[in-house]
Amino acid sequence: MKRSQINYAIDKAHAVAETFRVCLPEFAWFTADIWPQKLAEGWQEVHDLQLGWDITDFGSGCFNETGLTLLTLRNGALNDARYPKPFAEKMLQIQQDQQTPWHFHYQKMEDIINRGGGDLCMQLAWATEDERLDDQRSVSVAVDGRQRMLKFGDTLVLKPGQGVCLPTRLYHRFWAEKGFVLGWEISRVNDDRQDNCFLQASGRFPVIQEDEPIKWLLCSEYGRL
């Protein structure tokens with residue numbers, strides 16, 4: 001991705017949050033130039049747990065078609081006694097027709113919620129032992145506490161206000177229809193470096209082309225500090 005795309009995506013994400021009347025935490029407004037000062041002021045947990053902005057094209061090179069805008073709001077660490085929180089929370093912003101590719105998590109169970117906008121569409125499939133899609137097995141998931149049974153290839157449509165609980169090792173892909181979607185994720189501790197399995201090899205974090213100065217640091221770039 002180009003740095004200009006990332007800067008624009010985060011500027012847009014601020015505007016979208018305001019449109020939906022979502023108040024973001026203070027660290028969502030930390031620009032790259034003030035981050036060193038903020039670390040000195042005690043924002044170490046945000047740095048250590050990679051809270052903050054996460055813009056990715058999943059290695060596709062086509063963010064508008066395959067990509068996602070995320071803001072990690074809360075997290076813990078599985079093997080760090082300083083951060084015993086057992087849950088995580090993220091804001092998701094999904095452009096119309098923008099998809100997140102097939103993937104599952106080894107450890108993380110999560111609820112994905114449509115907070116507003118268009119339809120959040122999703123396909124689900126269990127992972128086989130060799131981490132392929134099981135196209136023979138149906139999937140039962142809870143949508144707001146009601147069990148839904150889906151065959152391979154079925155599309156689950158979450159209307160605004162609806163959410164689905166996804167267990168571990170359940171492949172999922174999702175996209176937005178009928179407009180932009182403001183999504184939300186409530187989960188166990190999030191570890192994007194080790195807990196994701198993508199059906200097709202891809203990069204979880206973008207390779208960045210520096211075509212303009214950095215305005216916003218991604219959470220995956222905190223190593224620069």
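## Nonpolar cores

The largest nonpolar core of this predicted model comprises 23 residues, and those with the most contacts inside it are Ile 94, Ile 112, Met 122, Leu 124, Leu 156 and Val 164. A nonpolar core here is a set of buried Ala, Val, Leu, Ile, Met, Phe, Trp, Tyr and Cys residues joined through side-chain atoms within 4.5 Å; buried means under 20% relative accessible area, exposed over 50%, and partly exposed in between (1.4 Å probe, protein chains only). Two or more residues of this core come from each of strand 2 (68–74), strand 3 (87–94), strand 5, strand 6 (139–143), strand 8 (156–158), strand 9 (163–166) and strand 10 (170–188). Strand 5 supplies the largest share, five residues. Strands (E, at least two residues) and helices (H or I, at least four) are DSSP runs numbered from the N terminus.

Leu 156 is in contact (heavy atoms within 4.5 Å) with Leu 120, Cys 121, Met 122, Leu 124, Val 141, Val 143, Arg 148, Leu 150 and Val 164, neighbours within four places in sequence being left aside. A second, separate core has 19 residues, among them Ala 9, Ile 10, Ala 28 and Leu 218.

## Basis of the values

The model is predicted, and residues are numbered from 1 along each chain as its sequence is written. Local features need pLDDT of at least 70 and side-chain atom pairs count only at pLDDT 80 or more, whereas totals for chains, interfaces and linings use all residues; side-chain values use heavy atoms, with hydrogens and water left out.

## Asn 114 in strand 5

Asn 114 belongs to strand 5 (residues 110–126) and counts as buried because its relative accessibility is 0%. Not counting residues up to four places away in sequence, Asn 114 touches Asp 119, Leu 120, Leu 158, Lys 159, Pro 160, Gly 161, Gln 162, Val 181 and Leu 182.

The side chain of Asn 114 also makes polar contacts, defined as pairs of N or O atoms within 3.5 Å; within protein, one atom must be able to donate a hydrogen and the other to accept it, and residues adjacent in sequence count only if both atoms are side-chain atoms. This side chain reaches the backbone nitrogen of Gly 116 at 3.0 Å, and one of its polar atoms lies 2.9 Å from the backbone oxygen of Gly 118.

## Salt bridges

The structure holds 17 salt bridges, each a side-chain nitrogen of Lys or Arg within 4 Å of a carboxyl oxygen of Asp or Glu. One of them joins Asp 192 and Lys 90, with the closest N and O atoms 3.0 Å apart. Asp 192 lies in the loop between strand 10 and strand 11 (196–198) and Lys 90 in strand 3, so this pair ties together parts that are 102 residues apart in sequence. Both partners count as buried: Asp 192 has 13% relative accessibility, and Lys 90 has 2%.

The salt bridge between Asp 80 and Arg 82 spans 2.7 Å from N to O; Asp 80 is partly exposed at 22%, while Arg 82 is exposed at 55%. Arg 3, Glu 210, Glu 221 and Arg 224 are linked in a network of salt bridges.

## Positive phi angles

Asp 97 is not a glycine, yet its phi is positive, at about 70°. Asp 97 occupies the loop between strand 3 and strand 4 (99–105) and counts as exposed at 52% relative accessibility. Arg 169, in the loop between strand 9 and strand 10, likewise has a positive phi, near 60°, and is partly exposed with a relative accessible area of 29%.
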